[in-house]
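Take a look at the structure first, then read on.

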Amino acid sequence: MGMLTLVPHNVHDITVDGHRMLVHVPSSSLFEMDAVSAAVLDLFRREDRVSAEDLRRDLGGRHALEELADCVESLTRLDILRDAAVLESPPVIQAVEDIPLSTIVLNVNTGCNLSCTYCYKEDLTTPAKGLRMGFETARQSVDLLFTQAAARDRVNVVFFGGEPLTNLPLIKQVVAYAGDKAKAEGKTVDFSLTTNATLLTEEIVDWLDAHAFALTVSMDGPKALHDLNRRTIGGQGSYDVVVDKVRMLLGRYRSRPIGARVTLTRGVTDVAAIHKHLRDELGFYEVGFGPVTSGPMTSFNLPEDDLLQVFSAMKDLGEVYVEAAIAGRNIGFSNMHQLLTDIARGTRKAVPCGAGLGMLAVDGEGDLHLCHRFVGSDQPTYGSVSGGIDVARLGAFIETAQDRTGRDCATCRIRSFCAGGCYHESYARSGDPHAPVAHYCDLMRDWVDFGVSAYTRITRANPSFLRHHVEPRSHAS
Ligand code: SF4
Ligand code: SF4
């Protein structure tokens with residue numbers, strides 16, 4: 001062995017209940033360190049450069065030389081150790097020459113019958129004034145999806161708004177059209193919809209159920225919290241209407257479990273109480289939390305203290321999740337579920353999400369956007385459903401997203417999980433969709449460490465939980 005050095009941004013280690021876990025950063029893989037690997041890693045942390053002679057002198061008295069050599073070889077293969085003379089290679093940027101879609105998001109009406117104070121939609125208006133998508137645009141969108149998904153067996157059509165149920169006639173037409181097309185092409189088509197629940201009737205619920213829609217309800221918790229921001233156009237809290245509709249929905253929907261999506265904002269940070277209400281009292285299958293991304297940021301942004309409090313509360317609920325998981329129960333906390341799924345998969349993200357790659361969103365005029373959140377923003381569009389995808393422009397966007405040179409992400413220990421964070425979050429914060437989400441990078445790193453610890457504890461105490469509750473859904477998605 002020549003002179004070797006540590007590549008610090010490729011390794012992270014976390015001690016869980018006395019066990020040292022090594023995280024191989026490029027692949028998000030987890031290994032339990034034995035005494036030899038722990039000693040070797042510690043030596044390379046102490047010394048800038050280490051030779052075979054240094055290794056023998058420092059560790060040869062405690063560990064067999066052959067074991068030390070094997071360990072060094074394994075760590076070198078993982079690019080955790082490297083020849084000290086070798087410089088960091090430039091990042092490998094995958095050229096984007098095709099957009100193999102699996103999902104199309106149809107913005108069926110920019111209008112919404114609620115007027116939530118924190119709504120990030122720059123084009124939001126009332127249902128009557130909203131830009132409604134017509135069937136021709138929707139048909140072309142579905143055709144584009146099927147063309148771009150030629151190699152896939154399964155495709156997804158997502159209905160978004162505003163409130164998508166304000167354009168139910170179009171949704172019904174699209175479901176019939178896409179269903180027929182899927183049958184003719186031997187594919188399966190899934191439908192999903194996020195709703196504020198206010199327009200649901202028994203008849204609508206039964207129709208959605210018959211087509212096995214994946215439903216998510218936007219709801220912020222008990223009345224006092226929900227009504228702070230989720231208000232009608234007239235300014236009244238919407239909880240009383242929503243809770244009746246949700247009870248009706250959860251009482252008769254059979255085809256799929258239904259989740260709630262909570263927006264955390266100033267004053268709406270009591271994660272445990274919100275989860276308890278939505279999951280235990282109302283009966284949602286799972287509850288997911290996201291901090292607000294809104295236009296008038298200063299009014300609704302979580303100040304740093306609140307953000308700290310929220311992540312701490314997320315970890316408290318995460319502890320409840322771990323205890324329940326060890327006892328074989330799933331408490332339906334989607335953020336934890338997603339984190340464990342990413343860890344179980346050994347996620348290696350080159351870009352933060354499928355926006356612009358596996359997924360595009362269509363506005364009412366047929367123009368293509370990175371994702372639903374960019375519809376109505378002043379960001380560029382990427383072609384149209386009638387003229388096709390502007391692959392050159394979209395490719396350039398995705399290629400820029402892959403190149404994190406000069407940004408903190410290039411050496412961040414959670415880059416394979418995060419890859420720079422949500423483009424829309426960055427755009428809303430700084431105007432640049434490629435900027436790191438710097439305001440919570442430290443918190444995200446802490447959250448991923450928490451996930452590694454949770455994953456390790458569950459794997460040790462009840463590995464069957466991960467097989468039954470985490471891996472099945474990760475395969476499905
Ligand atoms: S956005 Fe922040 S947390 Fe995410 S990879 Fe970049 S530096 Fe790391
Ligand atoms: S850019 Fe953000 S909001 Fe859009 S799909 Fe990606 S993670 Fe979601």
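## Before you start

This is a predicted model: local features need pLDDT of at least 70, side-chain atom pairs count only at pLDDT 80 or more, and totals for chains, interfaces and linings use all residues. Residues are numbered from 1 along each chain as its sequence is written, while chains are lettered from A and ligands numbered from 1 in the order in which they are written.

A word on the labels: helices (H or I, at least four residues) and strands (E, at least two) are DSSP runs, numbered from the N terminus. Axes are lines fitted to C-alpha atoms, for helices over the stretch in contact, and angles run from 0 to 180 degrees between N-to-C directions.

Two strands count as paired if DSSP finds at least two bridges between them.

Six bridges hold S2 and strand S3 (residues 19-24) together in the antiparallel sense, and one pairing to look for is Val11 with His24 in S3. In the loop between S2 and S3 you'll find Asp17. Its phi is near 50 degrees, a positive value in a residue other than glycine. As a rule, most residues other than glycine have a negative phi, and most peptide bonds are trans.

## The eight-stranded sheet

There's also an open sheet of eight strands, in the order S11-S10-S9-S8-S7-S6-S12-S13, with mixed pairing. Strand S11 (286-291) and strand S13 (368-369) are at the edges with a single partner strand each, so one side of each has no neighbour in the sheet. Further in, strand S6 (residues 103-109) and strand S12 (residues 359-362) run parallel and share four bridges; Thr103 has Met359 of S12 as its bridge partner.

Helix H4 (residues 135-148) touches S6, strand S7 (154-161) and S12, and its direction makes about 170 degrees with that of S6. Helix H9 (residues 271-282) touches strand S10 (259-264) and S11, at about 145 degrees to the direction of S11.

Keep an eye out for the peptide bond between Gly161 and Gly162: it's cis, with omega about 20 degrees. Gly162 sits in the loop between S7 and helix H5 (168-185).

## Helices that cross

Helix H1 (residues 35-46) and helix H3 (residues 65-77) have axes that come within 10 Å and cross at roughly 65 degrees. H1 and H3 are therefore roughly perpendicular (65 to 115 degrees). The contact (C-beta atoms, placed from the backbone, within 7 Å) uses Val36, Ser37 and Val40 of H1 and Glu67, Leu68, Cys71, Val72 and Leu75 of H3.

H16 turns up again here: the axes of helix H12 (residues 334-345) and H16 come within 9 Å and cross at roughly 75 degrees, which makes H12 roughly perpendicular to H16. Leu339, Leu340 and Ile343 of H12 meet Gly451, Val452, Ala454 and Tyr455 of H16.

## Around the ligands

Ligand 1 has 14 residues around it (C-beta atom, placed from the backbone, within 6 Å), and Cys409, Cys412, Cys418, Pro436 and Cys441 come nearest. Helix H14 (415-418) and H16 are the elements giving two or more residues to this shell, and H16 has the largest share, three residues.

Which residues surround ligand 2? They're Pro352, Cys353, Ala355, Cys371, Arg373, Cys422, Tyr423 and His424.

Technical notes. Parallel < 35°, antiparallel > 145°, perpendicular 65-115°, else oblique. Contact = placed C-beta atoms within 7 Å.
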